[in-house]
Amino acid sequence: MKVIIIGGGIIGLASAYYLQQAGYSVTVADRSDMSQGCSYGNAGYICPSHFVPLATPGIVRQGLKWMLNASSPFYIQPSLNRDLVNWGLKFMKSATRQHVERSAAPLRDIALLSKQLYESWTSVPGLDFAYAAVGMMELFQTEQNAHHAHETVKDAAALGIEARVLSKAELSQMEPGMKLDALGAVFFPGDSQINPNLLMRSLQTYLEKQGVQFIHHQEVTGFAATGNRITGVRTATATLEADHVVLAAGVWSAALAREIGLSIPMVGGRGYSVTFENTPFKVHHSIILSEARVAISPLDGHKVRFGGTMEITPLHTPPRMRRVQGIFDSVKRYFPDFDMAVPPADQVWYGYRPCSADGLPYIGNLTRYPNMTIATGHSMLGISLGAATGKLVAELVAGRPTSMDLQPFHPERFKR
């Protein structure tokens with residue numbers, strides 16, 4: 001049975017990994033050379049701590065305030081684009097306490113499954129991604145976020161996720177040698193850190209050796225179908241026959257889904273990151289600066305990556321370096337001795353995260369075309385949920401019971 005996977009990010013590669021293991025003939029087609037997407041420039045967090053979806057109460061009001069600041073962590077470029085307006089209306093409708101409460105358990109389950117699978121990957125010969133169970137700290141500077149930190153710990157405990165609030169003194173002990181300006185932090189000892197660049201390169205090499213076929217620089221433009229079955233995918237030069245198709249093309253998935261009459265509300269949320277090697281700035285844990293929405297990642301013991309922003313903007317929009325400056329300014333507010341300058345634009349990574357309208361990924365088979373599986377919309381959790389999504393995709397393709405209930409992630413949920 002031949003499976004074509006559209007998209008060579010972590011979701012596509014993890015799906016290829018489990019499908020190849022299950023005995024399928026797998027081809028991965030991607031519009032690029034598969035070396036620069038969101039699966040590369042992200043923070044590299046494996047984070048069961050992230051059980052709160054992007055659509056939360058207060059995010060709309062806060063987002064409107066941030067839109068007035070060119071270096072803020074969140075920005076939506078005003079537009080009358082129909083898809084953006086549709087997404088925005090559904091996002092605002094989803095940003096409720098009830099939605100957060102409904103989403104917590106599914107996000108926990110898929111994150112814990114993914115962590116377990118990544119841990120199993122560490123024993124696979126040929127796979128190397130610098131997995132480190134270092135835990136995550138979410139630093140806070142305000143009394144309001146200090147109160148929120150205690151509430152987060154209660155919510156985590158209700159879900160069976162270990163978390164505790166650290167005092168300023170405890171925080172300093174865990175990050176020795178760094179002058180810190182923070183009231184404290186929430187510490188999640190169950191989170192882990194990987195090097196996403198290393199993961200993606202290693203996984204591609206491994207899959208090629210296992211016989212997975214890769215087609216680079218091949219943009220899929222549509223599908224061939226007979227009755228209720230997809231029979232192939234169309235590119236500019238050919239039609240590739242398939243018994244089953246997996247749509248895992250990240251932010252480009254929504255446009256392709258429309259070719260078969262499926263609407264999956266989704267926009268590209270642009271993020272930026274900068275990676276330094278052999279820098280005197282050292283952290284021992286994955287760190288999030290709560291008020292600033294900035295991520296700091298220790299990679300391989302000698303690298304550090306700063307990342308952040310959520311910029312809802314058309315895919316052709318030039319990068320805004322003021323956003324990167326905002327990331328560096330935020331780091332200095334928490335780490336006063338930080339004195340690293342923003343590098344030239346050609347050394348700054350940016351990419352578009354596929355953001356669903358309710359903050360949950362789209363994972364499932366289609367009603368009209370049962371031999372097409374959708375796997376996209378993971379927002380900032382692509383790497384974290386990648387291994388689990390790949391396993392779930394393989395189970396969906398095989399028609400087997402899935403490792404968890406996928407109803408909350410159904411790709412047709414906005415039609416209901």
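**Helices H1 and H8**

I looked up how helix H1 (residues 10-21) lies against helix H8 (residues 196-209): their axes come within 10 Å and cross at roughly 35°. Helices (H or I, at least four residues) and strands (E, at least two) are DSSP runs, numbered from the N terminus. Axes are lines fitted to C-alpha atoms, for helices over the stretch in contact, and angles run from 0 to 180 degrees between N-to-C directions. The model is predicted, with pLDDT of at least 70 needed for local features and 80 or more for side-chain atom pairs, while totals for chains, interfaces and linings use all residues. Residues are numbered from 1 along each chain as its sequence is written, and side-chain values use heavy atoms, with hydrogens and water left out.

I then listed the contact residues (contact: heavy atoms within 4.5 Å). Ile10, Leu13, Ala14, Ala16 and Tyr17 in H1 meet Leu199, Met200, Leu203, Gln204, Tyr206 and Leu207 in H8.

**Cores**

I looked next at the largest nonpolar core, which has 58 residues. Such a core is a set of buried Ala, Val, Leu, Ile, Met, Phe, Trp, Tyr and Cys residues joined through side-chain atoms within 4.5 Å. Buried means under 20% relative accessible area, exposed over 50%, and partly exposed in between (1.4 Å probe, protein chains only). The residues with the most contacts inside this core are Ile5, Tyr17, Leu19, Tyr118, Trp121 and Leu207. Its largest share, nine residues, comes from H11. Apart from it lies another core, of 37 residues, including Val220 and Ile312.

I checked Leu207 separately: leaving aside neighbours within four places in sequence, Leu207 is in contact with Leu13, Ala16, Tyr17, Val212 and Phe214.

**Sheets**

I traced an open sheet of six strands, in the order E9-E2-E1-E13-E20-E19 with mixed pairing. Two strands count as paired if DSSP finds at least two bridges between them. The edges are strand E9 (213-215) and strand E19 (362-365), each pairing on one side only. Strand E13 (residues 244-247) runs parallel to strand E20 (residues 372-376), joined by three bridges, and Leu247 stands opposite Ile374 in E20. Helix H11 (residues 382-398) lies across strand E1 (2-6), E13, E19 and E20, and runs at about 170° to E20.

I found an open sheet of three strands, E10-E11-E12, with antiparallel pairing. Strand E10 (220-226) and strand E12 (239-241) each have a single partner strand, so one side of each is left without a neighbour in the sheet. The twist averages 30° from one strand to the next. Val233 stands opposite Leu240 in E12.

I also followed strand E14 (residues 266-277), which pairs with E18 in the antiparallel sense over eight bridges. Strand E18 (residues 349-356) has seven of its eight residues buried.

**Positive phi**

Most residues other than glycine have a negative phi. I noted Asn278, with phi near 50°, in the loop between E14 and strand E15 (286-289). Asn278 is exposed, with a relative accessible area of 59%. I also noted Thr309, with a positive phi of about 75°, in strand E17 (residues 303-312). Thr309 is buried, at 7% relative accessible area.
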